[in-house]
Amino acid sequence: MPEPLTPGELLSLDRQHVWHPYGPMPGTAAPLLVESASGVRLRLAEPVEGQDELVDGMSSWWSAVHGYNHPVLNDAARGQLERMSHVMFGGLTHEPAVRLAKRLVDISPEPLQHVFLADSGSVSVEVAVKMCLQYWRSLGKPRKQRLLTWRGGYHGDTWQPMSVCDPDGGMHELWQGALPRQVFADAPPAGFDAAPDEAYTAHLRELIGRHAEELAAVIVEPVVQGAGGMSFHSPGYLRVLREACDEHGVLLVFDEIATGFGRTGALFAAEHAGVAPDVMCLGKALTGGYLTLAATLCTTAVADGISRGALPVLAHGPTFMGNPLAAAVADASISLLLSQDWGQEVKRIETGLRNGLAPAADIPGVREVRVLGAIGVVQLDHEVDMAAATRAAVREGVWLRPFRDLIYTMPPYITGDDDVARVCAAVCAAAREG
Ligand SMILES: *Cc1c(COP(=O)(O)O)cnc(C)c1O
């Protein structure tokens with residue numbers, strides 16, 4: 001056993017040596033030191049604001065839908081660990097990957113039949129883009145290599161995904177001239193229940209038609225735009241995209257990395273619209289938050305197209321492709337989800353969030369409160385003071401990670417009613433003090 005380090009030593013080494021998401025080096029904001037996690041609670045190595053445990057309002061960025069340290073997922077990981085944690089996927093295959101792929105084909109929209117197992121969400125988007133570009137190259141249309149998306153999106157931090165993230169997010173300015181230049185439609189009008197706006201619908205159709213000759217694909221997050229601004233739109237726009245893409249010979253990619261596995265109240269957000277994409281990306285909740293794994297699914301038409309090309313293979317193959325440990329936990333996580341009335345649990349949390357967040361509408365500086373499925377958002381009319389807002393939530397015994405003008409929560413589906421109420425109280429406290 002290595003020599004134990006005190007919390008103070010760990011935090012000091014962390015500050016000196018360890019990058020955190022979107023952070024400076026050395027670090028400026030002190031992260032909370034987590035010692036363990038179980039159910040919906042994170043246990044801190046030392047008390048902060050008088051709390052040694054925090055109810056997790058973030059599901060570790062959409063992923064830990066069953067909570068932490070779950071006996072079923074622990075068993076799946078342990079069982080697979082004793083067989084093998086990894087073997088290469090080139091020339092070899094194994095039961096966890098095959099089972100998971102078959103499972104994803106069975107539960108996703110019918111036309112999606114083939115699965116590429118990647119190691120993170122961003123990589124699955126890279127693979128999706130590569131599939132689309134390669135498809136058109138194979139069909140003798142190499143000019144079709146741009147992407148169209150709408151503003152307000154987020155698709156990951158590697159190169160192609162960054163090029164379709166919201167261009168007003170700051171990162172685009174930093175990378176101007178370096179990133180591929182994509183085609184941007186206006187952000188979809190807000191409101192899950194709002195009737196589709198005709199002028200906006202016409203805007204989407206016109207833009208896709210105008211750029212059809214150079215477009216490989218349209219890529220969007222269906223129904224919920226996550227890290228780009230936590231906004232919800234009418235599923236009707238997805239039907240418009242499907243029609244316009246079919247009419248103009250453009251592929252349609254749905255990035256369901258955040259929305260997949262029940263978060264919006266449907267197993268996949270595409271189901272709200274009743275349309276299927278040509279390519280779909282999954283990640284985040286895929287392994288119930290245990291390990292990094294993502295998947296890119298495609299139709300037989302896309303796979304056939306690629307396989308008929310001059311280079312008749314999909315030219316991608318990460319070292320840890322199809323990782324057995326992650327695949328085994330993912331399959332167990334999906335079984336666990338489907339073995340219960342997950343829709344009822346998401347609805348229960350939705351009701352709890354609606355009731356608990358309603359008072360936030362009266363807090364000065366709050367612009368809007370919105371809830372969809374197990375997602376609750378309080379949008380301010382100003383940039384949140386992240387340190388003050390986080391501290392206010394911790395004081396209420398809750399972990400939140402606000403950003404920009406947003407204080408939001410997507411709790412694990414196992415969160416009990418009392419804990420949902422507690423999370424809501426913390427969101428309100430953060431809105432008051434942030
Ligand atoms: C998180 C996210 C990604 C990126 O996934 P990583 O695993 O962080 O690379 C891509 N698209 C959407 C919609 C996401 O929410």
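Biologist: Let's start with Ser60: is it buried, exposed or partly exposed?

Modeller: Keep in mind that this is a predicted model. Ser60 sits in helix 2, which runs over residues 59-62. Its relative accessible area is 42%. Buried needs a value under 20% and exposed one over 50%, so Ser60 counts as partly exposed.

Biologist: What is the phi of Ser60, about?

Modeller: Ser60 is not a glycine, yet its phi is positive. The value for Ser60 is about 45°.

Biologist: And Arg404, what is its relative accessible area?

Modeller: Arg404 is in the loop between strand 15 (398-399) and strand 16. Here too a residue other than glycine has a positive phi, near 45°. Arg404 is partly exposed, and its relative accessible area is 36%.

Biologist: Which peptide bond is cis?

Modeller: Look in the loop between helix 1 (7-17) and strand 1 (34-38), where Pro26 is found. With omega near -5°, the cis bond is the one from Met25 to Pro26.

Biologist: Now the ligand. Which side chain has an N or O atom 2.6 Å from a nitrogen atom of the ligand?

Modeller: The residues around the ligand include Ser120, Gly121, Tyr154, His155, Asp255 and Lys284. For a nitrogen atom of the ligand, the side chain at 2.6 Å is that of Asp255.

Biologist: How much of the ligand's accessible area does the protein cover?

Modeller: Besides those side chains, the backbone takes part: a polar backbone atom of Gly121 is 2.9 Å from an oxygen atom of the ligand. On its own, the ligand has 380 Å² of accessible area. Of this, the protein covers 83%.

Biologist: How many residues of the shell around the ligand are polar?

Modeller: The shell holds 3 nonpolar and 3 charged residues. Gly is counted among the polar ones. The number of polar residues in the shell is 5.

Biologist: Where is Ser124, and is it buried or exposed?

Modeller: Ser124 belongs to helix 5 (residues 121-138). Leaving aside neighbours within four places in sequence, its contacts include Ala118, Ile257, Cys281 and Thr296. Its relative accessible area is 0%, so Ser124 is buried.

Biologist: How far apart in space are Ser124 and Asp255, C-alpha to C-alpha?

Modeller: Asp255 is the residue whose side chain comes to 2.6 Å from a nitrogen atom of the ligand. In sequence, Ser124 and Asp255 are 131 residues apart. In space, C-alpha to C-alpha, the distance is 9.2 Å.

Biologist: Which residues have the most contacts inside the largest nonpolar core?

Modeller: In soluble globular proteins, nonpolar side chains tend to be buried together. Here the largest nonpolar core has 90 residues, and helix 15 (residues 417-433) gives the largest share of it, 8 residues. A second, separate core has 27 residues, among them Val129 and Ala303. Within the largest core, the residues with the most contacts are Leu104 and Phe261.

Biologist: How many residues apart in sequence are Ile407 and Val377?

Modeller: Ile407 is in strand 16 (residues 406-409) and is buried, with a relative accessible area of 0%. Leaving aside neighbours within four places in sequence, its contacts include Val377, Leu400 and Val427. The C-alpha atoms of Ile407 and Val377 are 6.0 Å apart, while the separation in sequence is 30 residues.

Biologist: Which residue's backbone oxygen lies 2.8 Å from a polar atom of the Arg370 side chain?

Modeller: Arg370 is part of strand 13 (residues 366-372). It is buried, since its relative accessible area is 11%. Among the residues it touches beyond four places in sequence are Gly229, Phe232 and Leu406. The backbone oxygen at 2.8 Å belongs to Met230.

Biologist: Last one: beyond four places in sequence, what is Pro318 in contact with?

Modeller: Pro318 lies in the loop between helix 11 (300-307) and helix 12 (324-338). With a relative accessible area of 17%, Pro318 is buried. Beyond its neighbours within four places in sequence, the contacts of Pro318 are Phe116 and Asp119.

Methods
Residues are numbered from 1 along each chain as its sequence is written. This is a predicted model: local features need pLDDT of at least 70, side-chain atom pairs count only at pLDDT 80 or more; totals for chains, interfaces and linings use all residues. Side-chain values use heavy atoms; hydrogens and water are left out. A residue is near a molecule or strand if one of its heavy atoms lies within 4 Å of it. A polar contact is a pair of N or O atoms within 3.5 Å; within protein, one must be able to donate a hydrogen and the other to accept it, and residues adjacent in sequence count only if both atoms are side-chain atoms. Accessible areas come from the Shrake-Rupley method with a 1.4 Å probe; for residues, only the protein chains shown count as cover. A nonpolar core is a set of buried Ala, Val, Leu, Ile, Met, Phe, Trp, Tyr and Cys residues joined through side-chain atoms within 4.5 Å. Buried means under 20% relative accessible area, exposed over 50%, partly exposed in between (1.4 Å probe, protein chains only). Helices (H or I, at least four residues) and strands (E, at least two) are DSSP runs, numbered from the N terminus. Contact means heavy atoms within 4.5 Å.
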